[in-house]
Amino acid sequence: MNVIEIKNLEKIYDGKSVPVHAVNDINLTFEQGEFAAIVGPSGSGKTTLLNLIGGLDKPTSGEIIISGTNIGELSSSKMIDFRLNNIGFVFQAYNLIPVLTAKENVEFIMHLQGKSPAEKEARSMEMLNAVGLGDRAESRPNKLSGGQQQRVAVARALASKPQFILADEPTANLDSKSAETLLDIMGKLNKEEKITFIFSTHDQRVMKKARRVITVEDGKVVSDKKAE
Amino acid sequence: MINSIAWKNIWRNKLRSSVVIAAVTFGILAGVFSAGLMNGMVERRLRAAIELETSNVQLHNPKYIENKELTFAINNADGIIASLIKMPEVKAIAKRMKIMAMANTASSGTGVVVYGIEPEKEKLVSGIYKKILPGEGPYFETDRKNSIVIGQKLAEKLKLKLKSKIVITLQTVDGMMVNAAFKVVGIYKTSNSMFDEMNIFVRYNDLANLTGFNEQNAHEIAILLNDTNLSDDVAQKLTKQFPNLDVMTWKEIQPDLGITVEFLNIMLYFYVIIILLALGFGIVNTMLMVVLERIKELGMLMAVGMNKMRIFKMIMLETIYLSLTGGILGITLGIILIQIFQQHGIDLSIYGEGFSAIGYDSMIYPSIGIDYYIGTFLLVILTGIIASIYPARKALKLNPAEAVRTEI
């Protein structure tokens with residue numbers, strides 16, 4: 001079953017002298033349970049593509065249909081609600097709320113969804129345990145290592161029960177061991193829970209773990225390889 | 001949870017928030033204490049004016065207001081007093097004769113207002129007897145005829161002492177001029193030097209006998225109420241009850257004081273509003289820095305699904321908490337300071353002459369009502385709300401995709 005369908009997607013930025021074709025006529029589909037990496041050199045358009053899929057940016061033309069909803073037709077406020085309930089985000093710089101504990105950071109998304117305190121408590125601990133940080137639930141981000149913070153960010157992204165998770169360079173700020181641990185956790189969640197992950201990365205470690213690698217250059221998909 | 005985040009966010013940069021809170025604290029403290037000083041001064045002046053000069057309500061013959069003729073009196077004043085004393089709002093009543101006269105001594109003379117009073121009844125309405133200077137007389141404690149109580153300012157002007165003789169020249173009901181010698185039995189001093197120079201007090205009977213005035217009548221009936229706030233209501237009732245008499249409240253008798261009291265509240269709030277306006281700009285600046293520092297975090301919040309209303313609410317709450325922390329501290333310190341000085345007073349007697357010339361006491365006891373503290377508290381919240389609008393709008397204009405990748 002297709003979770004994401006991308007049709008003739010284009011994004012053109014007004015450059016200083018000439019318009020920049022950041023995404024140029026991309027057509028892709030992502031199925032439930034994929035573990036895909038969008039790779040390419042800096043400036044190739046992979047982050048722009050991820051932002052468009054996540055509804056953080058509006059395409060110049062083309063369509064993105066997520067589980068039957070054309071997100072280009074959603075108003076700004078409806079798009080925010082759609083993101084909240086359908087898309088999980090993991091950022092390169094973790095972006096946790098520093099004044100909240102790990103558990104509170106995970107609960108925060110559910111608070112925005114209007115979940116009950118009991119549900120928030122149970123789900124946040126479940127997610128923290130899933131990323132191996134159940135024992136650090138009450139720690140603030142500044143007491144956690146970079147790898148641990150990124151695992152909390154994954155737990156936060158999972159907490160809202162999204163249809164898929166978009167991870168923008170999730171391992172870029174991590175050392176090898178932390179990156180390996182994070183990828184193992186995400187891989188396990190993908191296999192066991194059938195959670196769809198889409199990464200933008202140029203990290204070889206991520207590419208090796210991914211079961212599908214989409215290469216983007218100059219805003220175009222130049223290869224789309226699925227593992228056997 | 002957004003409340004909790006907003007509160008915790010204040011303390012992310014403790015130094016910066018402490019500076020803003022300290023500025024608001026001292027600003028509000030200055031505003032509240034200054035308001036307490038002004039209010040205390042005016043309250044004391046009002047109390048003194050009602051207690052010593054005007055009472056709450058006065059009745060006159062309407063013609064007497066226009067022309068202070070001896071014959072323009074209230075007829076059957078005793079009968080009117082007998083009916084008024086039954087009113088529950090009334091604390092005490094006194095009738096008075098009030099005549100323009102000349103006061104002369106061997107060395108000089110001056111125009112004065114002579115009050116003919118019944119000392120025991122007058123004591124219930126006016127506190128002049130409490131203002132007799134130490135060692136300067138027993139007030140009207142003896143039965144001696146032609147006793148007189150004068151103000152210190154007049155005593156200085158006419159070089160009079162206790163037991164000195166003073167000759168009062170005035171007109172009788174027949175239009176004849178008469179002189180009578182009075183012996184000073186008391187020298188008083190109020191906080192109003194003009195009042196002290198102009199007003200002298202003799203016994204009602206002495207003045208009535210001297211002028212041939214009917215002792216059942218009076219020029220003035222002074223009414224002291226249990227509550228000053230009832231002055232207007234009682235005056236309205238009396239106007240209906242005695243349509244032939246002129247009924248005046250203290251505000252009409254001393255319009256300058258009436259206007260001062262009317263405008264005092266506006267002035268007190270105006271003062272604190274100016275302070276909050278100045279502080280507001282500082283708060284806006286701080287919150288703009290906060291938004292700038294947290295672009296990445298705000299971008300993340302927008303990206304993960306925090307809607308604009310919640311972002312706005314979070315920044316607004318943070319601004320309100322920042323302002324309110326300073327505001328509560330400022331108000332609390334203001335209350336403490338006002339309480340301390342209310343007990344001991346602030347002695348400004350070095351400016352005593354100036355204060356006395358405009359009727360104010362040089363000893364100031366700051367005071368302010370609870371409604372002012374509540375009003376200030378609400379104004380601080382309003383300042384927080386207004387100060388948050390511009391920074392919050394800045395935050396809402398962020399593009400989440402760009403904001404999450406911003407490096408600061």
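Domain bounds, as I use them here, come from an automatic or database domain assignment, and for chain B that assignment gives domain 1 (2–49 + 258–403) and domain 2 (62–244). What I am showing is a predicted model, in which local features need pLDDT of at least 70 and side-chain atom pairs count only at pLDDT 80 or more, while totals for chains, interfaces and linings use all residues. Residues are numbered from 1 along each chain as its sequence is written, with chains lettered from A and ligands numbered from 1 in the order in which they are written.

Let me stay with chain B for a moment. The centres of its domain 1 and domain 2, taken over C-alpha atoms, are separated by 49 Å. Six residues of domain 1 of chain B are in contact with five residues of domain 2 of chain B, where contact requires that the C-beta atoms of two residues, placed from the backbone, lie within 7 Å.

Turning to the two chains, 20 residues of chain A are in contact with 16 residues of chain B. On the chain A side, helix H2 (76–86) and helix H3 (102–113) are the elements that give two or more residues, and H2(A) gives the most, with five. Helices here are DSSP runs of H or I with at least four residues, and strands are runs of E with at least two, numbered from the N terminus.

Now to helix H6 of chain A, residues 176–193, whose 18 residues reach 25 Å from first C-alpha to last, close to the 26 Å expected at 1.5 Å a residue; that expectation is 1.5 Å times one less than the number of residues. Which residues of H6(A) are buried? They are A:Ala179, A:Leu182, A:Leu183, A:Met186 and A:Leu189, and because they cover an arc of only 125° around the axis, they sit on the same side of H6(A). The arc is taken from the directions from the helix axis to the C-beta atoms. On the other side of H6(A), A:Ser176, A:Lys177, A:Asp184, A:Lys191 and A:Glu192 are exposed. Buried means that 20 or more other C-beta atoms lie within 10 Å of a residue's own, exposed that 12 or fewer do, and partly exposed covers what is in between, again with C-beta atoms placed from the backbone. The cover over the buried residues of H6(A) includes helix H4 (117–130), helix H5 (146–159), strand S8 (196–201) and helix H7 (204–209) of chain A. Just after H6(A), A:Lys194 takes a positive phi of about 60°.
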